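Me: I have a structure to go through with you. Can we take it piece by piece?

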Amino acid sequence: MTGKERDRRITDLGTLKALAHPLRMKLYRGLTIARVATASQLAEQVDEAVSLVSYHLRKLAEHGLVEEAEPQSADGRERWWQPASDGVSIRDEDFRDAPEKAAAHTAASRLFFEQRADMYRRFLDERGHWGEAWNTAAESSEATLRLTPAELGELTREMLALIRRYDEQGAAADAAGDTEGRENVAVHTYAFPFRI
């Protein structure tokens, strides 16, 4: 753990809209993975101009989503950035009290889903390059359950606790220098009611 706030809860419309911009979300995700980076490094990842990336990083900083980091090199011309918290949390209950807020939450959720789906599509396209061990370990499944809202809430909390345990285990191994064979791994879960 880094000692930062875990899963900062976003409750205001301005911050939600700031994050729910396609490029800003890509930058936020890239910065979360890198932990610390410059606008130049992030611009290379997202194939955009450094000036545009710098602008969007400043917008994320205005809403407390990212912050300046300690310089990682002697080059004082580069600004280093880091996430301001260890993740964010966006909950429906914070945006359902007004139509504009509910619409913004839905639009943001759709954007996040599309970007996650694009990540998985890229994995599928590149599957042959990952090798047998990663392809065997990768998972894609669907389960349909009959639950109450309380049971779904409990299931979600248990899954998140398990993911956090593995996240902390991987971060501790990285910090100890145990990086052999480690890659970034995305875990996407969607748990929602539906009717046939």
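Me: How far apart are K59 and E62 in helix α4?
Reply: They are 3 residues apart in helix α4 (residues 50-62), so about one helical turn separates them. Helices here are DSSP runs of H or I with at least four residues, strands are runs of E with at least two, and both are numbered from the N terminus. This is a predicted model: local features need pLDDT of at least 70, side-chain atom pairs count only at pLDDT 80 or more, and totals for chains, interfaces and linings use all residues. Residues are numbered from 1 along each chain as its sequence is written, and side-chain values use heavy atoms, with hydrogens and water left out.

Me: What do K59 and E62 form?
Reply: K59 and E62 form a salt bridge, with the closest N and O atoms 3.6 Å apart. The term means a side-chain nitrogen of Lys or Arg within 4 Å of a carboxyl oxygen of Asp or Glu.

Me: Is E62 buried or exposed?
Reply: E62 is exposed, because its relative accessible area is 56%. K59 counts as partly exposed, at 25%. The cut-offs are under 20% for buried, over 50% for exposed, and partly exposed in between (1.4 Å probe, protein chains only).

Me: How many salt bridges does the structure hold?
Reply: It holds 12. One of them joins D7 and R164, at 2.2 Å from N to O. D7 lies in strand β1 and R164 in helix α6, so this pair ties together parts 157 residues apart in sequence.

Me: Which residue forms a salt bridge with R6?
Reply: D167 does, with the closest N and O atoms 3.3 Å apart. D167 is in helix α6 and R6 is in strand β1 (residues 6-10), so the pair links distant parts of the chain, 161 residues apart. R6 is partly exposed at 27%. D167 is partly exposed too, at 37%.

Me: Which residues are linked in a network of salt bridges?
Reply: R9, E93 and D94 are.

Me: New topic. Which residues touch the most other members of the largest nonpolar core?
Reply: L16, L19, L31, L42, V53 and L57 do, in a core of 25 residues. Such a core is a set of buried Ala, Val, Leu, Ile, Met, Phe, Trp, Tyr and Cys residues joined through side-chain atoms within 4.5 Å.

Me: Which helix gives the most to this core?
Reply: α2 does, with 5 residues. At least two residues each come from α1 (13-19), α2 (22-34), α3 (39-46), α4 and α5.

Me: What is L57 in contact with, leaving aside neighbours within four places in sequence?
Reply: L57 is in contact with L31, A39, L42, V66 and W81. Contact means heavy atoms within 4.5 Å.

Me: And the sheet? What order do its strands have?
Reply: The order is β2-β4-β3, in an open sheet of 3 strands with antiparallel pairing. Two strands pair if DSSP finds at least two bridges between them. β2 (37-38) and β3 (66-68) are the edge strands, each pairing on one side only.

Me: Which residue stands opposite A37?
Reply: W81 in β4 does. β2 and β4 (residues 80-83) are joined by 2 bridges.

Me: Last one. Which residues form the nonpolar patch on the surface?
Reply: W130, W134, L160, I163, V185 and V187 form it, with about 510 Å² of accessible area together. Helices α5 (99-137) and α6 (149-175) each give two or more residues to the patch. Patch residues have over 30% relative accessible area and no salt bridge; like charges are joined within 9 Å, nonpolar side chains (Val, Leu, Ile, Met, Phe, Trp, Tyr) within 5 Å. Accessible areas come from the Shrake-Rupley method with a 1.4 Å probe, and for residues only the protein chains shown count as cover.
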